[in-house]
Amino acid sequence: MQLIYEKSVPARRAVRMPSSDVPAAAMLPRELLRSEPADLPELSELDVVRHFTQLSRRNIGVDTTFYPLGSCTMKYNAKSLEDGARISAPFHPMIALLPGGESCAQGSLAMLHHMGELLAEITGMDEVTCQPLAGAHGEMTGIMLIAAYHRAKGNKKKYVIVPDSSHGTNPASAAMVGYEIVTIPTAPYGDMDLDAFRAALNDEVAAVMMTCPNTLGLFNPHIKEICDLAHSVDAMVYYDGANLNAILGQVRPGDVGFDVVHVNLHKTFGTPHGAGGPGSGPVGVKKALVPFLPMPRVIKRNDASFGVETGNPQSIGRTANFFGNFGVMAKAYAYILMLGREGLIDASEKAVLNANYVMARLKDLYEVPYDQTCMHECVFSAARQMQHDVHAIDIAKFLIDKGYHPPTVYFPLIVKEAIMIEPTETESKETLDEFIAVMREAAETAETDPAALKLAPLTTPVSRLDETKAAREQNVCFT
Amino acid sequence: MNFTPHTPAEIREMLATIGVGSIQELFNPIPAELRARSFDLPAGMSEFEMLDRLQDLAAQNCAITPFVGGGYYDHLIPAAVDHLAGRSEFYTAYTPYQPEASQGSLQALFEYQTAICRLTGHDVSNASLYDGGTALAEAALMALRATSRSRVLVDGAINPFHRSILKTYLANLDVEIVELAPVDGMLDLQAFARELDERCAALLVQNPTFFGAVADYSQVAEQVHGCGGLLVASVYPVALGLLKSPGEMGVDIAVGDGQSLGNHLSFGGPAFGFISASKKYIRNMPGRIVGETVDREGRRGFVLTLQAREQHIKRHKATSNICSNQSLCALRGLIFLAALGRQGFVELALLNRDKAEYAKSALAAIKGVKILTVAPIFNEFTVSLPVEADRLVSELIGRGIAAGVPLGPYYQGAGNCMVVTVTEKRSRGEIDRLATELDMLLNQN
């Protein structure tokens, strides 16, 4: 398909700007002007509409296809959420930061405040900031809060502990805050090796970052002990909320002993992923960390009105322009309002039911490296298929031909040829059964005709792409 | 709506297949003492009640005519942007890890990267960052990596919110930040020359500055390069319809907030941040990058590339922790730029400048109001008032006008100054009303 720039025809126009109702200003001095206009495409509106509509048809999403991408929680994104978010489209965030402006933004501030309260109750934390713009941004914000806490106490801390099953963002976020990373291996039972953890723990550990259930989809029964051990050396325990969808209403990180938690609104709370964002990563903290929360902070005043606090000197400062991805929060707020207490509990129950069902029906054909009751996702290995030189990636591409978005493959890194399936709660038994049948067909084909799997996908606009060439040539801009 | 489709019969079948008696049994791996102590949330509601609730909240905000920016700008958005970005094949997809099934997103992001490069005059852009402020912080980190130095000079005329984000990002790293107090709302060239040395990784500037002043940083770029440092510029993309591009000035890394390109104000997000640079810095770039390649039949296709820079491969050695970016907002930016096109984008910039100059003249005519921005402007300028700007802005908000951003909270001794923003959406009537209200407040009491 042609690039939009290749469709450009000189002097063709689409949208017109309004005509000016003021006199034309004098030209700016020449040395301040660009030598020629930016070479943007010249198209009619219909050209633009067809181009992007055609592009959209070369994509698949939750609306078109079952999308069991592990660790990503690709649940259905209700249409009413989009309508809900649109209501806030015209509000300028700067208004709330102007003197006298709070009174003109009471609705937005009320929603942010209530959202914080709801997330605090869901996670068992004392206060939530909605400012972080994505999960990883929340992680970094959370670790910054921990760093500020240690600095205020005069603690000398150097290390952040992460299990080797963690998302790559955990160590990357801690490194952005200047910490050295200590990685703890996973024990044969699928959880962080407790002895190795004990051995690594010392007074210089600032934080321990845990994902629970972890990326193997397993709930660590020793999680409280880990929190207690960490607290014994005044280390904070960070809860990566990527997998919170498994335990809504069952477990609250705050009750267990976690000090900081981020939630991915684009995972657990039903907002769309947008082909890579926008996300939203609110961070909840216990009381000890509240003084360090980022500014601006939305507060409820004694007269029940909502305000914006900007002047706290202990705060880590701003982590984003304004109040976070408000439009994403509006969708997640709408989601929580619609599901309510029972709906959220039901979501986790059905997510866990679906994952265990898929695991039960595939484990005779695919190796399960950690064979236990899973939570919201299950992790297989294509080790058995490897005997026929069929890799996880080949199975993934076969699934594309069969009309599915593949599961996550090659993650977690600790599982060889990992295939990580997260069905989510919004998928029906028929959908799962059809998917299971195709997964079984893939396993069979791996034995009978492995070469066929290597050819997949054949039904897509392009076949397998040469990633090495892309990395070598670095052609990242059309010229 | 019912969010889960399971019927009681299906649940029974599924449990039998798994070999457990109830769903709760599946939660048995969780020790009893770890169970939630509370889950006190309201009962659910229908989508209709939910929409009523959000409408009620929206009604508690008031309609205000904004003459304010602060990094977010009230611009027109063509209808095609909402409609095309609203295609659910785009918005319900995930990050394009499976390229054969994601050519739509990937090609769009490649086109987006190209559009950003054409605006900034660079040859490499990533597939978006969170926002303008975090993009500035990432650019500083990128310059620190690229130069292996540990000192950053920051023009105080950069948006104070963005400077605050920068400080937050650098607070725990061994980096010295030197902030240069602005002169006439612009970089203090003497202080800059004094502070510039071979420890400096970068100078960070903004064009136009927070005060609205437009500058040419070509000379500054040469000075910075002379010391082996990089020039980082935060730019307002709409202004690039007219203004000399970062690439033409010798800027090494350009960043900015993409909100003004087709993204709703939405009380501060989501929008996107952009970052572009000369190609030699590509390996130091944060975030996802889409690259062109071919498939087995030699057909053109697109993939996420240079992923060895990223957290999911490199973990703590990654160039950044960023994972989700703001793809859909970047797509909106691309659709916006395509809909306006080469000429339309210039016209948009001209309209902004015309309106701002008109407003500048209108305000300059008011007794007691003085225009402080001596440099040429794009669509913002700074005025001084005979009273505290806080008081005046607060009073005018009561009359439905956000007259400007008072500078008192951000710059010492600037309590009687404010920055006024005028985009193409402000009509002559609205500008006249701003002038009239200001005049009445200042001179007719």
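User: What makes up domain 1 and domain 2 of chain B?

Analyst: In this predicted model, where local features need pLDDT of at least 70, side-chain atom pairs count only at pLDDT 80 or more, and totals for interfaces use all residues, domain 1 of chain B comprises 65-74 + 344-443 and domain 2 comprises 79-336, with bounds that come from an automatic or database domain assignment. Residues are numbered from 1 along each chain, chains are lettered from A, and side-chain values use heavy atoms.

User: How many residues of each domain are in the contact?

Analyst: The centres, taken over C-alpha atoms, are separated by 28 Å, and the contact (heavy atoms within 4.5 Å) takes 27 residues from domain 1 of chain B and 35 residues from domain 2 of chain B.

User: What is the area buried between domain 1 and domain 2 of chain B, and which three residues of domain 1 supply more of it than any other three?

Analyst: Buried area is the accessible area (1.4 Å probe) that two parts lose on being put together, summed over both; here it is about 2,400 Å², with carbon and sulfur atoms giving 71%. B:Tyr72, B:Phe345 and B:Tyr411 supply 31% of the area that domain 1 buries against domain 2, more than any other three residues.

User: How many salt bridges does the rule find across this interface?

Analyst: A salt bridge requires a side-chain nitrogen of Lys or Arg within 4 Å of a carboxyl oxygen of Asp or Glu, and across the interface of domain 1 and domain 2 of chain B the rule finds 0.
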